[in-house]
Amino acid sequence: MKYDIDKNEYGFDTAISASDWKYSAAITGLLYYFKELEKKYEIKTLTIDEITDNFLLYNKEYITEESYLNFIEAFYPEDTLVHKKIETQLKYTKEFTPEIIKNIKENMSANTVLKKVFSKIKFDGTNKEEALKLLNENRNLIVKETFRNKKDLYDNYCQTSRLLEKGDNSPCRLKGYYFDPNRKSKATGYNFASSSVDYFDDEVFDFIPFAFTGNSFETIFLNDNLNLEILEIMNFKLREYFSEEKEREITNIRTLKQEKAMKEGKNEPIEETSVSVSLKKIFLNILQKKTDYIKYGMEIIYKNKERDYFETWYLRNDSIEVLKIVEDFSRLDIRIKITDKYYFNLLDEVFSAILNLSLLTNSIVYLLKDRENFIKLDVSKENLSKIFKYNYAIEQLIKINQTIRNGGKGMDKNLKNSIKACASEVMKKFIKDNSLNKLASYRQKLLSSVVAKNHKRILDVLTQLSVYSGVYFSFSFDYIENPTQNEDIIHYFILELDQSRLESKKNKENEDKE
């Protein structure tokens, strides 16, 4: 909530507390604003209206339309605010080649307000001063309208018509909280009552967009409203870490492109392209590496550009422990095309499972089934690479499952070694008999039984395989004891029951000897 306070007593005339996520995000945005514009503020614990809380103190006079627009221009980079790119091109280009002129003209028509401003001239490289003058004269208009209407800026979070309006008795300007009170429609629902709607609005909500970190499609805000200093540190650090991870990701993509070009015998330079990086992959990596600054669970506010509402996730303390057991989230970035419109996205499944402490059994089975498609193909380097990628992912998913099932503990080491040893002996038998097709048949029977959740059939197949191979499956007794709770035992056995796992083990042993 926001309060008017006595400036003579407190040194400031406004106090705001993180009473809910909206005010927490507004405070975070305000802190960016005050720091950028070098305005004085204070974070202090006070008692106001018999409520003791942590408050951000500042003066109303600090917030003006001109200062707000100046902050927007400073806060966002050139690829977000195109007029900044135009200005750089006009100021620092020494020779206006046809290609550069064409690019500048394209930027000048990048959105409606830029088209309107630069429609007054026909840029040809000789009239850059005239173009710069137009830009400077219309700077505030350009910034305001670009910020207001760009789908990943203000329009992603708030009703565009409410930008820089005073908070009054109108519905809250945030998406998902707003409706048009003068327009009765299906959106208001049957037997609509205005008393059930959150009317409370505040002009400080215009600072909420700055609190979110991410890419042009999805963003997040970490809501820790117990302490404003921690709220500030966590979100400032998140933005810093996200930027570092994003640069690392872009560098990796560029390196891969260069390596591919070299293999194909191409010497042309790699063009700089806009790269969209996965918010969830980067966020998971940040959470895993930087758990030192996340001491306990918290609320995470998520905004997807395609949805007109905010979502709430909860990062539990137990989830933080699960995060620590995954070796590399980047290697779990697997997308499998199901239909033209639907993809199985493993990273999304993992993210949801860790946050909600839900099992990944369906994903494990799906990957085991899809892995069979590559095992059946020729043993090319490309197919082996995909099999190894799947094997790593399946093993990590089993670890996550076991950690969630067992309250933070993974699979018993002796049990895991027993499964691996049994699978290894079985494979040696089939390799010796030159009957890998028969091994694939047993693996498929086990998979089909797992998909059908037919525990009796699973035990029948295990018995047949044990008799045929002459290998005693000591791990099966743990499974028999509680088939549902111990289903990961079978998943792990199927994972290990593949020749590539044996080859991978040999290679690792050879590397260790060297």
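Tutor: One term before we start: two strands pair if DSSP finds at least two bridges between them. Also, this is a predicted model, where local features need pLDDT of at least 70, side-chain atom pairs count only at pLDDT 80 or more, and totals for chains, interfaces and linings use all residues.

Student: OK. How many helices and strands does the protein chain have?

Tutor: There are 21 helices and 10 strands in the protein chain. Those are DSSP runs numbered from the N terminus (helices: H or I, at least four residues; strands: E, at least two).

Student: And how much of the protein chain counts as buried?

Tutor: Of its 514 residues, 47% do (buried is under 20% relative accessible area, exposed over 50%, partly exposed in between, with a 1.4 Å probe and protein chains only).

Student: Which way do strand 2 and strand 4 pair, and over how many bridges?

Tutor: Strand 2 (residues 14-17) and strand 4 (residues 51-58) are antiparallel, over four bridges.

Student: Switching to cores. Which residues have the most contacts inside the largest nonpolar core?

Tutor: L332 and F493, in a core of 78 residues. A nonpolar core here is a set of buried Ala, Val, Leu, Ile, Met, Phe, Trp, Tyr and Cys residues joined through side-chain atoms within 4.5 Å. Helix 15 (residues 381-405) gives the largest share of this core, nine residues.

Student: What is F493 in contact with, leaving aside neighbours within four places in sequence?

Tutor: I419, C422, A423, L446, L462, L465, F473 and F475; contact means heavy atoms within 4.5 Å. Apart from that core lies another, of 52 residues, including Y3, A26, L69 and L174.

Student: Helix 16 and helix 17 next: at what angle do their axes cross?

Tutor: Roughly 140°, and the axes of helix 16 (residues 413-432) and helix 17 come within 8 Å. That makes helix 16 oblique to helix 17 (under 35 degrees is roughly parallel, over 145 roughly antiparallel, 65 to 115 roughly perpendicular, the rest oblique). At the contact, V426, M427, F430 and I431 in helix 16 meet L436, K438, L439 and Y442 in helix 17.

Student: Last one, E38. Where is it, and is it buried or exposed?

Tutor: E38 is in the loop between helix 2 and strand 3, and it's exposed, at 72% relative accessible area. Its phi is near 55°, a positive value in a residue other than glycine. K453 also has phi near 55°; K453 lies in the loop between helix 17 (436-451) and helix 18 (455-469) and counts as exposed at 53% relative accessibility.

Definitions and conventions. Residues numbered from 1 in each chain as written. Heavy atoms only, no water. Axes fitted to C-alpha atoms, helices over the stretch in contact; angles between N-to-C directions.
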